[in-house]
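Here is a friendly walk through a protein model, written for someone who likes to know the cut-offs behind the words. Please have a look at the fold first.

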Amino acid sequence: MAPRKTTKPAGNGGKNTARGTAGRSTGNSSRAGRPQSKKSGGSTKRRSAARISVTPAIVAAAVCMLCLLITLSDYVDLGLGIPTWNEIFAGLAQELDPDGDYSQPGLAPEGTLEIHVIDVGQGESIFVRTQEKTVLIDAGENNKGEVVERYLKSQGVTSLDLVIGTHPHSDHIGGMDYVVDHFPVKRIIMPPLKESQVPTTKTYTDLLQSIANAGLEITLSHPGDEYSLGGGAVLKILGPVGEFSDLNNLSVVSKITFGEHAFLFNGDSSKEAEAALLTQKGLDPSADVLFVGHHGSYTSTSQPYLDAVDPSYASISVGADNDYGHPHQETIQKLEKLGIPYYRTDLCGNIVFISDGSSISVSTQKGGQAA
Ligand SMILES: [Zn+2]
């Protein structure tokens, strides 16, 4: 909403200016016509009229020459640094990207930001909605696609503007093929993988097939990229940064900023990835709500990372009685020591954070309180 508002006045201003100029120019030419019929000052007017008629001819010739050079540079390298038509149009297309990927930070928040941590058992799926856009970060295990679909439909969701597959493990992207099959998706972001790391699992190939069937191309995550979610909300990609052999560490880490608040999503990134992120200038992980990495495993949420994020609340996506013993006591103790209230999907069911940009409220499906 806000980006549109900002765009609109600029557009209207442009139109108004154009109309004003046209009006003035008509007035000038009609005024210029009248004195020419008078004897006094006629010669001066004629000289200036002659100059005016020569100048457009020179400009027109120059424009024609430039067009010719640009056309030629499509075929021959002229060595003059002249762009080709394709390059010019590519530049224009980027500026006019209708997806609004060029965020406008600093806008006042409008509407609300909702973050729904969907209870998908042992796995993760988080639905985000602003007044303009819908985002899904992960979709749980292979058998959870329908759970995610039901939840989204219960929220009146009919399409997804952005889907993020944090990393190619089944507890995150297992249900994503089903989601992509059942909802129109505008963009899907996944982390770049080395060829040797690309999984050959059915889970992964199923997702690639659904993405292809939907006519989508994967947008590779790139730290620092920002996506406007409307209403002044911006999603920024923070990670992964660096190269890792463990796919968990290649999780897309993203942060949504809305008004005074920020929300940090970590996928399954572990301490090594957290440490790499902390070395990056301009990728500030501080947030009011931490969506705890790797289901609360002790291998994530290092003390330096937790200190840097400095959250007021935490959320842990975790299944009851899971095989991994998640969330690990080490992580829980760190949160408790800092007095950070945390919510767990195994105890609370679905967890919903709602912010108007200046306050955050939390509600849970099972009425569970923060531990
Ligand atoms: Zn996981």
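**Overall make-up**

This is a predicted model, in which local features need pLDDT of at least 70 and side-chain atom pairs count only at pLDDT 80 or more, while totals for chains, interfaces and linings use all residues. Residues are numbered from 1 along each chain as its sequence is written.

The protein chain holds eleven helices and 15 strands. Helices (H or I, at least four residues) and strands (E, at least two) are DSSP runs, numbered from the N terminus. Of its 371 residues, 39% are buried. Buried here stands for 20 or more other C-beta atoms within 10 Å of the residue's own, with C-beta atoms placed from the backbone. Among contacts in the protein chain with a separation of 6 or more, 66% link residues 24 or more positions apart; a contact needs C-beta atoms, placed from the backbone, within 7 Å.

Two strands count as paired if DSSP finds at least two bridges between them.

| Strand pair | Sense | Bridges |
|---|---|---|
| Strand 2 (126–129) and strand 3 | antiparallel | four bridges |
| Strand 3 and strand 4 (160–164) | parallel | three bridges |
| Strand 11 (289–291) and strand 12 (313–316) | parallel | three bridges |
| Strand 14 (351–355) and strand 15 | antiparallel | five bridges |

**Around strand 3**

Is strand 3 (residues 134–137) covered on both faces or exposed? Thr134 and Leu136 on one side, and Val135 and Ile137 on the other, are all buried. In a regular strand, side chains alternate between the two faces of the sheet.

A hairpin of four residues leads from strand 2 to strand 3, and phenylalanine 127 stands opposite leucine 136. On the strand 4 side, isoleucine 137 has isoleucine 164 as its bridge partner. Strand 3, helix 4 (residues 145–154) and strand 4 build a right-handed β-α-β unit; right-handed means that, with the strands pointing away from the viewer, the path from the first strand over the helix to the second runs clockwise.

The largest nonpolar core has 67 residues, and Ile126 and Ile256 touch the most other members. Such a core is a set of buried Ala, Val, Leu, Ile, Met, Phe, Trp, Tyr and Cys residues joined through C-beta atoms within 7 Å. Strand 8 (residues 233–239) gives the largest share of this core, five residues. Beyond four places in sequence, the contacts of isoleucine 256 include Leu113, Val128, Leu235 and Phe263.

Helix 8 (residues 271–278) has Ala273, Glu274 and Leu277 as its buried residues. They lie on the same side of helix 8, because they cover an arc of only 105° around the axis, counted from the directions from the helix axis to the C-beta atoms. Their cover includes strand 8, strand 9 (253–258) and helix 9 (303–309).

Note on methods
Buried ≥ 20, exposed ≤ 12 C-beta atoms within 10 Å, placed from the backbone. Contact = placed C-beta atoms within 7 Å.
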